[in-house]
Amino acid sequence: MPRGARGRSEGSTAAPHRPLPDDYFMGIAYAVRERANCLGFKVGAIVVLDGRVVSTGYNGTPEHMLNCDEGGCVRCAERSRPEAANPRFQSGTGYDVCICVHAEQNALMAAARFGIPVAGALIYTTIQPCFGCLKEMVQAHVEGVRYRHPWNHPDLTLKPQYEMLKTRFSQGVKQIFTPDPREAWALGRGSKARKANDTGHPIQSPGIDPPQPRGGSS
């Protein structure tokens with residue numbers, strides 16, 4: 001059998017295009033996101049160590065608690081009401097009383113729960129990490145982050161602080177553009193219940209500066 005022909009039947013065509021590693025791993029993060037139950041944006045994240053997925057997480061309420069989309073989180077429920085033009089919790093605020101756990105947090109905590117080391121890992125997440133998730137990754141010695149959709153804190157004076165956190169990742173915090181077939185669902189686009197940037201994660205296209213967010217939660 002010729003070299004490289006293992007597993008192919010006689011007369012078969014060439015193998016389909018293999019995705020690049022970034023697209024492969026982000027595709028897995030998209031699949032994990034399908035389990036998200038937050039009323040805000042739906043987010044999925046995975047931890048990759050030595051080229052292998054070692055942990056996954058999606059955003060929603062803690063295990064064995066009422067799901068966010070069933071009314072489990074007061075902060076998210078108030079923000080999702082159609083009449084919430086001036087919500088009690090503004091964009092980027094109230095995280096201390098939001099009981100939803102972010103996807104990146106869930107991925108890191110699942111690894112800790114089962115004794116899986118994450119030092120030196122890459123995290124792939126469908127939305128750029130918030131302040132809290134980013135500093136937790138620094139503390140866990142994660143070496144790099146890859147995200148699909150960007151996020152900016154509504155208080156732009158805090159951007160230098162966020163940029164300082166980013167310098168702690170030896171492999172950088174970088175946006176990648178893996179096609180997202182469920183973007184409209186995950187980001188709430190087309191919903192009458194909330195604006196497109198309701199979670200404080202404004203969306204941008206390659207090469208375009210993100211708009212200043214006007215309010216929302218994660």
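**Entry 1: H4 and H5**

I began with helix H4 (residues 131-139) and helix H5 (residues 159-166), whose axes come within 10 Å and cross at roughly 25°. This is a predicted model, where local features need pLDDT of at least 70 and side-chain atom pairs count only at pLDDT 80 or more, while totals for chains, interfaces and linings use all residues. Residues are numbered from 1 along each chain as its sequence is written, and side-chain values use heavy atoms, with hydrogens and water left out.

My helices (H or I, at least four residues) and strands (E, at least two) are DSSP runs numbered from the N terminus. Axes are lines fitted to C-alpha atoms, for helices over the stretch in contact, and angles run from 0 to 180 degrees between N-to-C directions. The angle makes H4 roughly parallel to H5, a label for angles under 35 degrees.

I noted a left-handed crossing of H4 past H5, that is, the near helix is turned anticlockwise from the far one by less than a right angle. Phe131, Leu134, Lys135 and Val138 of H4 meet Gln161, Tyr162, Leu165 and Lys166 of H5, where contact means heavy atoms within 4.5 Å. I sorted the residues of this contact into five nonpolar, one polar and two charged.

**Entry 2: H3 and H4**

Next I found H3 and H4 packed at about 25°, their axes 9 Å apart. That makes H3 roughly parallel to H4. H3 also passes H4 in a left-handed crossing. Glu104, Gln105 and Leu108 from H3 meet Cys133, Glu136 and Met137 from H4.

**Entry 3: the largest pocket**

Which residues lie nearest the centre of the largest pocket? I found Tyr58, Thr61, Pro62, Glu63 and Asn106 there, among 18 lining residues. A pocket is an open set of points on a 1 Å grid where a 1.4 Å probe fits, with protein on both sides within 12 Å along at least five of seven lines; lining residues have an atom within 4 Å of a point. H3 gives the most to this lining, with four residues.

Key:
Angles under 35 degrees count as roughly parallel, over 145 as roughly antiparallel, 65 to 115 as roughly perpendicular and the rest as oblique. Ala, Val, Leu, Ile, Met, Phe, Trp, Tyr, Cys and Pro count as nonpolar, Asp, Glu, Lys and Arg as charged, and the others, Gly among them, as polar.
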